[in-house]
Amino acid sequence: MRTLAKALVVLLLLAGCSAPGHRDGPITLRFQSLAWQQESVAANKELVKEWNASHPDVKVEYVQGSWDSVHDQLLTSFEGGEAPDVIHDASDDLADFAYGGYLTDLTGLLPARLRSDIPRTSWQTATFGRGVYGVPFLQEPRVLIADARRLRAAKVRIPTPEHPWTWAEFRQVAKKLSGPGTYGVAWPLKEPVSATLNLSLSAGGRLFHRGADGKVTVRFTAGDAVVPSTVHDQIAVDRSAPASTLGSGGSDTLPGFFAGRYAMVPLGFSYRQQIVQQAPEGFRWEVLPAPAGADGLTQGVSPQTLSVSADCPHKREAVAFIDFLLRPKNTVRLALGDWMLPTGTQALRDPALHTAENGWATGTALATRLRPAPAQSVRGYPEWKDKVATPAYQEYYSGAIGLAELRRRLERDGNLVLARYQR
């Protein structure tokens, strides 16, 4: 009986040490993707299919998510123990999940190829404390989409990545392009915070300052004022930008752009796909770099990321799948599908991303100037953005408050919010 009992114990121990999923069939990983453009969804699904065909022991199930609700959806799934294994998100949404223990620290799991191929500045966007909680793989600079005929008719200097407009020059050009019933520029600022903060890096604006104790405070400096002052003055002083687009999303401005109402629209690089699809026949448009400030063309980005849930029982297999997705050729497919730029240096060299057609070369030329968004590692940023910054910027741009009141709200009210997350 003693011998039989010992044998049973050994068998139980061996069973407990065997890899879950291999006893009764292949491992299954759930991959939640936020791809939404038709080409991007197709590229993601094709890569999942290719992985499954070559990895019979580790099957990946494609799950469709949505950018509109991803933060709340993930929070609910984390707390309910039902999170997807591989998570597609944006780096500026990761801080609270990383500090909350919901994501896996990938530091010791990432293959050397992936670590070396993605630049250090990109890795910083997914680094919180001493851990890395996501793999940044796609990024999107903000650019000016311009009506080529209007620009040349006005005989303004056409900016290039080598010789961009300054913010002051941009303001003057917008005035020159304006006329009865038309505007030089339209600012779609339904979500004003990320656009303002990321573009402000060009003028030396940082807004968030981390002290020696590691705590973050908000300080609104002269560099932080350049971009919002430019937008405000174009609307309220020069009348070169309409107030009517302040509550609009980027797509909402395209009909007016095509109709000649606006000569330029500052948009994310990926909007080119919609323009190609929707522009009327014969409409000539081009991609221009965003204006440059004291720090040149530098601007902030929050790359798209791939993370692994802390509850995932097959972390190494999940990272292997991420590594497969982000092989250089595969990353190019994802970048082309999303009309964005890869973070990986090998993928970024692909000739397909350096063509003049549809402004690819202009966007690619900006890749080395992209930096982590100012709020990247700030705990409490989502609440600060929703409760303090968004209404403050909206009221400033609409003319309801002045620059001094904008500064006061961002600093006083903003620091009260951040303090609760840093006790």
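Colleague: What classes of residue make up the lining of the second largest pocket?

Modeller: In this predicted model, that lining has seven nonpolar, three polar and two charged residues.

Colleague: And which residues are they?

Modeller: The lining is formed by Leu201, Arg206, Phe208, His209, Arg210, Val216, Pro372, Ala373, Pro374, Gln376, Ser377 and Val378.

Colleague: Which strand gives the most to the lining?

Modeller: That's β9, residues 208–210, which gives three residues.

Colleague: What volume does the second largest pocket have?

Modeller: About 260 Å³ for the second largest pocket.

Colleague: Thanks! Switching to helices now. How do α10 and α17 cross?

Modeller: Helix α10 covers residues 222–236 and helix α17 covers residues 381–398. Their axes come within 8 Å and cross at roughly 40 degrees. That angle makes α10 oblique to α17.

Colleague: Which residues meet there?

Modeller: From α10 you have Pro228, Ser229, Val231, His232 and Ile235. On the α17 side they meet Tyr393, Tyr396 and Tyr397. Sorted by class, this contact of α10 with α17 has six nonpolar and two polar residues, with no charged residues.

Colleague: How about α17 and α18, what angle do they make?

Modeller: The axes of α17 and α18 (residues 403–420) cross at roughly 175 degrees and come within 9 Å. Why call α17 roughly antiparallel to α18? Because angles over 145 degrees count that way.

Colleague: Which residues make that contact?

Modeller: α17 brings Glu383, Trp384, Val388, Ala389, Ala392, Tyr393, Glu395 and Tyr396. α18 brings Leu403, Leu406, Arg409, Leu410, Asp413, Gly414, Val417, Leu418 and Arg420.

Colleague: And how many of those are charged?

Modeller: Five are charged in the contact of α17 with α18, next to eleven nonpolar residues and one polar residue.

Colleague: OK, on to sheets. What is the strand order in the four-stranded one?

Modeller: The order is β8-β11-β7-β12, in an open sheet with mixed pairing. At the edges are β8 (183–185) and β12 (285–289), each pairing on one side only. From one strand to the next, the twist averages 25 degrees.

Colleague: Is β8 parallel or antiparallel to β11?

Modeller: β8 and β11 (residues 262–268) run parallel, and two bridges join them. If you want a spot to look at, valine 185 stands opposite methionine 264 in β11.

Colleague: Nice. Now the six-stranded sheet: what order do its strands have?

Modeller: That open sheet goes β2-β1-β3-β14-β6-β15, and its pairing is mixed. Its edge strands are β2 (58–64) and β15 (341–342), each with pairing on one side only.

Colleague: How many bridges do β1 and β3 pair over?

Modeller: Two, in the parallel sense, between β1 (residues 27–33) and β3 (residues 86–90). Glutamine 32 has isoleucine 87 in β3 as its bridge partner.

Colleague: Which helix lies across β1 and β3?

Modeller: Helix α3, residues 70–79, lies across β1 and β3 and runs at about 145 degrees to β3. Helix α14 (residues 328–338) also packs on the sheet, where it touches β6 (135–139), β14 (304–308) and β15.

Colleague: And what angle does α14 make with β6?

Modeller: The direction of α14 makes about 45 degrees with that of β6.

Note on methods. Residues numbered from 1 in each chain as written. Predicted model: local features only at pLDDT ≥ 70, side-chain atom pairs only at ≥ 80, totals over all residues. Heavy atoms only, no water. Pairing = 2+ DSSP bridges. Axes fitted to C-alpha atoms, helices over the stretch in contact; angles between N-to-C directions. 1 Å grid on protein atoms, 1.4 Å probe; cavity = no way out; pocket = protein on both sides within 12 Å on 5 of 7 lines; lining within 4 Å. Points joined across faces, edges and corners; volume = space filled by probe spheres on them. Nonpolar A, V, L, I, M, F, W, Y, C, P; charged D, E, K, R; others polar. Parallel < 35°, antiparallel > 145°, perpendicular 65-115°, else oblique. Contact = heavy atoms within 4.5 Å.
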